[in-house]
Every structure is written in C-alpha cells, then in structure tokens.
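Student: I have a structure open beside its sequence, and I would like to learn how to read its features one at a time. Could you take me through them slowly?

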Amino acid sequence: MDTKMVFHGSDIEKICSYYGLDKKNIINFGANVNPLGLSEHVRKEIADNLHILSTYPDRDYTSLKQTISQYCAVSADFILPGNGSSELISLLIEEKQPSKTLILGPTYSEYSRELTFSGSSQEYYHLREDEDFELNIEDLCDTLSNGYDFLILCNPNNPTSSAISQKDLRKLLVFCAARNIFVMIDETYVEFAPDIASITAIPLTEEFSNLMVLRGVSKFFAAPGLRFGYGITSNKDFLKKMKEKQIPWSLNSIGAFAGEKMFQDKEYILQTRKLILSERDRIFEEIQRLSAFKTYRPFANFLLLKIQKENTTSFDVFETCIKNGLMIRDCSSFQCLEGEYIRFCIMDPEANTRLLTVLKSI
C-alpha cells in the first residue's frame, strides 16, 4: 500500500471501511478498555432504574460524591464530578489560565488541544526511550525552573505504560509548590496498576493545594459512552471557580447513578484486576523473548513495543494484525516517540494468545 494511514484507537469504523472488514469480526486492542465490558450488575441496575431520566440529577451530586469519597478515601468536599475527564481538563485549564505549560510526553493529545484554546505556550518534556521511559525527577525539576507555571502528566502514562511513584510525586509537588506551579495528574489508568497505593496522587491532595487529580470510568469500568469523570483537589477556592464555570447538571442522571453503582461493585473490581494483572505479566514475559520487539515494564492495561526488526514499520505490524482481525495502535501520531512503535491493551486470554501468535510470526 502506497499511502500510510494513521488511525486513532477508537477509529474502528474508519479502519473497517478502509480495509473492507466487518466490525463484528475485529478484536479491538487499540481502545484500552476493560475486556470484561460493562459490569452485568451495573447493566441491570441501569435497566431497572431508567425512570430516573424523568427527573433532574442532584445539582451538587451529593450521593455520588460520598460514594467517590469512600472509593478514593478522600473528603467529598475535594470532589468535582463532570462530563468525562475531557470536560474537567477543559474547565481546569480555562480557570487556571496558565501562561507557560510543560507536558510530560509522549502522551494523550487532548491536553495539547485544550491548551491551544487557552493562550498558554506549551512545550513537551520528553521521557527517554534509553531510560525505558522512566522519569528522572531531578532533571524534570531543572526544566521546570525555566518559568513554567503549569505541569501536566498522565500516571500511568499513555502510551508508554510507565509510572511515577507516589514518593517521587511528592518530591515533584514540593518543588512545584515552592515555585507556584500547578500540577494536573491524569489517573485514567491507575486502577490497573500492580500496586495502586504506591502510584496514586490522591492522598497527596490533602498535603498540596497546587494539585488536581483527574479520573474517569471509560477504561477500567468499560464505560466510555457514559462520559463520567471526576476531579479531586483540596484547593476549594479553585474547585468552586471551576464549578461556577461548569454547565449545570453537566453529568446526566444515568451517569451519576451508574457511577455510584460502579464504585460499589467490588466483585467486578477484583475480577478486573485479577485478569489484567495475570495476563499483563504473561504477555510481558512472552514479548521479552521476541527479538523483533523491545517492550517496557507496564503499569497500565497496555504495553508499548518498539519495533527492532529492520525494514519493518509500525504500519506494517498494524496491517499484519488488522488482516488477522486484530486492531492494535500504530503510535506514529504520538509526540516525542522517535522510532517505530505499536501499543496494544490486555484483552481476554484467548484474544491475547492470538495476538502473541501474530507478533511471533513477525
């Protein structure tokens, strides 16, 4: 094929149209969504309570915030629910009005897109492949000394699946607090981490007012269509100003109701973690034996692979996989990635084995 196409992880319809494939026959390794799908318990609760669409949601989302408070072990007064983390990213940047932003990259493109509407200059701090995309806190702090007032990072990071420990995050926040640098941490993938407590920044919100942590239900709870996210900060003045700018009833009745049920579904949470942790370890060990690829220790529910086979591109691997009914992510569109990379998420054991077989053939 002469033209190299680059598809987003959610572009399955476009991909199927381009290759003449049936969506029903494709296993989507590109979207990073929990392979268990929506919890059956939550599905039933939603179906049995559709009558709530006839009433407005509680404008303050009191019950939902209490449930999140228990789930995250943080004060309900620190919590702002929203219409997905995308809305909260937009509100945060709009209220913060940063002048000079540093983004830890490579990472999710939505941060950069929202910043383009704010008037803030933006630059990337590149995680280094030769350091296995592990952050050097001292070097980042040196960079932040150059007049930045806003820092954005995703932890665990997409697409590298690397993570920053809570211990290092505390060092970073102490440095940023002394220089009036506000820090936004996107924890979309933290619930997939081997040890959540060693990575999450939520406990640090009690210590630092220059911090906001964002989470959602799209990936871990397999509900991207629900458009429900939440932000956590102890900076109540900042939280109040964000809420004032937020559209009233931003999160609909079903979103608020389903969110509560998701966080209370302990069986689903344990089942998800058991599947992801065991399969991630298995796949990581298998990939490490393949000379065609280099991979990095994963903390999220996906792995990043660098292609080391000569004359083989990320698009070549993508095409080989899609023609076998397996959709992975060609990482050509990510900023700061020098070389040829692919990314794929953890699915059920049978699907994972199918993908491993194709990768071994390469």
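Predicted model: local features only at pLDDT ≥ 70, side-chain atom pairs only at ≥ 80, totals over all residues.

Student: In what order do the seven strands of the open sheet lie?

Tutor: Strands of a sheet pair through backbone hydrogen bonds, either parallel or antiparallel. Here the seven strands form an open sheet in the order S2-S8-S7-S6-S5-S3-S4, with mixed pairing; helices (H or I, at least four residues) and strands (E, at least two) are DSSP runs, numbered from the N terminus, and two strands pair if DSSP finds at least two bridges between them. The edge strands, each pairing on one side only, are S2 (79-82) and S4 (121-126). From one strand to the next the twist averages 20°, where axes are lines fitted to C-alpha atoms, for helices over the stretch in contact, and angles run from 0 to 180 degrees between N-to-C directions.

Student: Which strands pair with S7, and in which sense?

Tutor: Strand S6 (residues 182-186) runs parallel to S7 and is joined to it by four bridges, with Ile185 standing opposite Val213 and Asp186 having Leu214 as its bridge partner. Strand S8 (residues 229-232) pairs with S7 in the antiparallel sense, also over four bridges, and there Tyr230 is the bridge partner of Arg215.

Student: Why is S7 described as largely enclosed?

Tutor: In a regular strand the side chains alternate between the two faces of the sheet. Six of the six residues of S7 (residues 211-216) are buried, so this strand is largely enclosed by the rest of the structure; buried means under 20% relative accessible area, exposed over 50%, and partly exposed in between, with a 1.4 Å probe and protein chains only. Leu211, Val213 and Arg215 are buried on one side, and Met212, Leu214 and Gly216 on the other.

Student: How do helices H6 and H7 pack?

Tutor: Two packed helices are described by the angle between their axes and the distance between the axes. For H6 (residues 137-144) and H7 (residues 166-178) the angle is about 20° and the axes are 10 Å apart. The two helices are therefore roughly parallel, since angles under 35 degrees count as roughly parallel, over 145 as roughly antiparallel, 65 to 115 as roughly perpendicular and the rest as oblique. Their contact (heavy atoms within 4.5 Å) is made by Ile137, Leu140, Cys141 and Leu144 of H6 and by Asp168, Lys171, Leu172, Phe175 and Cys176 of H7. H7 also lies across S5, S6 and S7, running at about 165° to S5.

Student: Which residues have the most contacts inside the largest nonpolar core?

Tutor: A nonpolar core is a set of buried Ala, Val, Leu, Ile, Met, Phe, Trp, Tyr and Cys residues joined through side-chain atoms within 4.5 Å. The largest one has 102 residues, and those with the most contacts inside it are Leu144, Leu151, Phe293, Phe344 and Leu359. Apart from it lies another core, of 19 residues, including Leu80 and Phe238.

Student: Where is Ile152 found, and is this residue buried or exposed?

Tutor: Ile152 is found in strand S5 (residues 150-154), and at 0% relative accessibility Ile152 counts as buried.

How values were computed:
Residues numbered from 1 in each chain as written. Heavy atoms only, no water.
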